[in-house]
Amino acid sequence: MVAWVAICWRSSEAREESRMSFDSTKALRSATGRAKSDVANKLVSMFLHEVSRRACLAGGMTVSNPDYLRAVVDAFGHRCIYCGRDLEHDRAAVEHLDGMNRFRVGLHVPGNVAVSCRRCNNEKRRDDQKPCLTLAGSGWESFLSHDGSRCSVNCKTCTYWSAIWPDESEKLMTLHEACDRIRLLRKSFGRFVSWSELARPAIQHRVEGLYRACQDFATGEIDKLTSELNFDFSALKVTD
Ligand SMILES: [Zn+2]
Ligand SMILES: [Zn+2]
């Protein structure tokens with residue numbers, strides 16, 4: 001009975017904690033800005049996909065080529081490339097080691113694409129969304145570098161890894177092994193990886209321009225269209 005009460009108390013406390021970690025007012029406040037940046041991010045992703053398509057065509061290989069698929073399975077099996085847990089149907093995500101966004105400028109080419117669990121895919125976004133990385137030179141290396149030795153005690157990624165492997169030496173070893181396996185895969189498709197690295201500054205320059213142009217277009221066009229509607233809003237005014 002005592003144990004049961006303790007469990008109930010703990011789970012209601014956990015629920016309260018998770019409720020407290022989500023701030024509805026913050027989510028509502030940021031919703032408008034996010035809608036606009038989602039459009040810009042989508043355009044950036046489309047641009048990166050088009051560059052990738054041309055690179056794959058020139059390199060004579062795509063990520064769906066049987067040789068590439070075999071190489072990915074040989075390197076990771078049917079497991080998450082980061083945490084090594086078995087992938088489950090509907091809980092796996094196509095993962096770009098260098099994220100396909102305006103900060104990481106990753107491409108959909110051999111050597112940069114594999115499969116991770118959804119949880120790792122989500123957790124890695126924190127690093128992928130940082131304009132500048134401090135733990136490593138790339139998003140995937142940074143994600144695997146949260147070993148608890150260089151971040152603040154509140155670091156969510158460090159906490160994530162520690163929760164998966166409470167044993168410190170097992171955690172360090174597994175993170176290290178994941179890094180090695182990924183490096184090996186990238187080495188096998190080195191021509192795509194090296195080309196992407198050389199092309200990155202030029203692509204990034206255009207990506208930033210595209211992102212800004214899209215934001216400006218969206219703001220201007222929305223203002224123009226809304227003004228054209230010329231609605232009579234008087235019925236919405238507060239009356240005594
Ligand atoms: Zn994972
Ligand atoms: Zn950390």
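Colleague: In which helix does Lys 171 lie, and is Lys 171 buried or exposed?
Modeller: In this predicted model, local features need pLDDT of at least 70 and side-chain atom pairs pLDDT 80 or more, while totals for chains, interfaces and linings use all residues. Residues are numbered from 1 along each chain as written, chains are lettered from A and ligands numbered from 1 in written order, and side-chain values use heavy atoms, without hydrogens and water. Lys 171 belongs to helix 7, residues 168-188 (helices are DSSP runs of H or I, at least four residues; strands are runs of E, at least two; both are numbered from the N terminus). Its relative accessibility is 3%, so Lys 171 is buried (buried is under 20% relative accessible area, exposed over 50%, partly exposed in between; 1.4 Å probe, protein chains only).

Colleague: What is the arrangement of the donor atoms around the zinc ion (ligand 2)?
Modeller: His 146 (ND1), Cys 151 (SG), Cys 155 (SG) and Cys 158 (SG) coordinate the zinc ion (ligand 2) at 2.0 to 2.3 Å (donors are N, O and S atoms within 2.8 Å of the metal, or 3.2 Å for Na, K and Ca; water is not among the atoms, so sites may look incomplete). Four donors count as tetrahedral if all angles lie between 85 and 135 degrees. The angles here are 99 to 124 degrees, so the arrangement is tetrahedral.

Colleague: Where does Arg 102 lie relative to Tyr 211?
Modeller: A charge sits over a ring if NZ of Lys or CZ of Arg is within 6 Å of the ring centre and within 35 degrees of the ring normal. Arg 102 lies over the face of Tyr 211, its distance from the ring centre being 3.7 Å.

Key:
Four donors count as tetrahedral if all angles lie between 85 and 135 degrees; four count as square planar and six as octahedral if opposite donors are over 155 degrees apart and all others between 65 and 115; anything else is irregular.
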